[in-house]
Amino acid sequence: MTPFSEIIHKDTFTRDDIIRMLTCTGDEINELFARSAKVKEENVGNVVYFRGLIEFSNICSKNCYYCGIRKGNRHVKRYNISDDEIIEAARFAYENDFGSVVLQGGELESEAYTARIENLLHRIKEISDDKLGVTLSVGEQSPEVYKRWFAAGAHRYLLRIESSDQQLYYKIHPTEKKHRFERRIKALHDLREAGYQVGTGVMIGLPFQTAENLADDLLFMKNLDIDMCGMGPYIEHHETPLYQYKNLLLPLEERFVLSLKMIAILRLLMKNINIAASTALQAIDPFGREKALQLGANIIMPNITPGIYRDDYNLYENKPKITQNAEDYKRFLEERIAQIGNVVGYNKWGDSLHFKERSGGEAG
Ligand code: SAM
Ligand code: SF4
């Protein structure tokens, strides 16, 4: 059997290697994290990029079994932030040198919705002298819609596959037209075709999920040749159908370590992509995101949604609440990032180096 220290130094990894790393214990975990930290430093350096996250609406037409803001949850106070408030949040990001924003929300499909996002993209470009980068995360849309938004200035798109295993996918989504696995896969291809830097990811620690599933998720990302990844622990929400399987879940601390392992292994597999330290990590450990940044992630998404709406974007329980105002929060993050020997890449898009390489173009 190949020694663990040899596996982590490989250049290409088999499914068995990945499973071995996912299931490692004790000192091996530290060995893995030290290796991925080194690979991160050598390939993407120690610069962390901010993406100001604007959760602009919790209105959703879908019913994913895990998500607190699913359409069927009658207890959610629905909101839709006005265009002017979204632009104000983007202006804050611009004036505070964030470089980029992420517009995220529930999934809706209509001409009015498409036109609204298109208009917001134009306005964000206008107020920032074309300088603010924009990532979208608003679910599955037609290829034409993706193209329109790309033409209007969005250049990155996050669409988690959630699970690359079709059987598991249908355990966490209704089996009906609006939640088709094939469509989600197709959407990822359409996004790439439209010219975006494409990001995907999965939830880690789902009920019924195995180490084999997670290894296949990582291989799925590698085969899709993604540019970015945002993945983090699944955290249950009592007003969702998946909550009934609560007893099957790993303890939160184990889901947390498994999530860090996933980030570390992905960094070994895809050395120059952008990997986000997800907010869900922080819901389990107050230093969760910093730990992820230390061992492989290089992106953080500070929440700049106007304060009055934040509590209603409750995807899972104990979603971290930010009590500081946006300026104080920025300083707080900057200090935390300095503590782990990293620096913030202000005023830069911080595009995926992988995208630059595959497209032969310029990454901002
Ligand atoms: N509606 C868009 C979509 O689904 O792609 C974007 C917004 S959605 C809230 C963003 C992500 O939240 C999803 O991709 C999912 O992975 C994550 N999420 C939802 N419920 C979660 C939960 N209970 N635990 C952890 N992550 C969750
Ligand atoms: Fe809607 Fe996204 Fe939540 Fe699914 S994960 S219910 S699409 S907001």
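Met-231 stands opposite Ala-277 in strand 9, where strands are DSSP runs of E with at least two residues and helices are runs of H or I with at least four residues, both numbered from the N terminus. The model is predicted, so that local features need pLDDT of at least 70 and side-chain atom pairs count only at pLDDT 80 or more, whereas totals for chains, interfaces and linings use all residues. Residues are numbered from 1 along each chain as its sequence is written, chains are lettered from A and ligands numbered from 1 in the order in which they are written, and side-chain values use heavy atoms, with hydrogens and water left out.

Strand 8 (residues 228–233) runs parallel to strand 9 and pairs with strand 9 over four bridges; two strands are said to pair if DSSP finds at least two bridges between them. From strand 9 (residues 274–277), Asn-274 and Ala-276 point one way, while Ile-275 and Ala-277 point the other way, and all are buried. Here buried means under 20% relative accessible area, exposed means over 50%, and partly exposed lies in between (1.4 Å probe, protein chains only).

The salt bridges come to a count of 27, each being a side-chain nitrogen of Lys or Arg within 4 Å of a carboxyl oxygen of Asp or Glu. In one of them, Lys-10 meets Asp-17 at 2.7 Å, N to O; Lys-10 is partly exposed at 29% relative accessibility, whereas Asp-17 is buried, with a relative accessible area of 7%.

Another salt bridge joins the side chains of Glu-55 and Lys-319 at 3.1 Å, N to O. This pair links distant parts of the chain, since Glu-55 belongs to strand 2 (residues 52–57) and Lys-319 to the loop between helix 13 (307–310) and helix 14 (326–339), 264 residues apart. Both Glu-55 and Lys-319 are buried.

Lys-62 and Glu-107 also form a salt bridge, at 3.3 Å, N to O. Lys-62 lies in the loop between strand 2 and helix 4 (83–95), and Glu-107 in the loop between strand 3 (100–105) and helix 5 (111–127), so the pair ties together parts that are 45 residues apart in sequence. Lys-62 and Glu-107 are buried, and they belong to a network of salt bridges that also includes Glu-140, Glu-162 and Arg-184.

Turning to the loops, Lys-178 is found between helix 7 (166–172) and helix 8 (181–194), and is partly exposed, with a relative accessible area of 35%.
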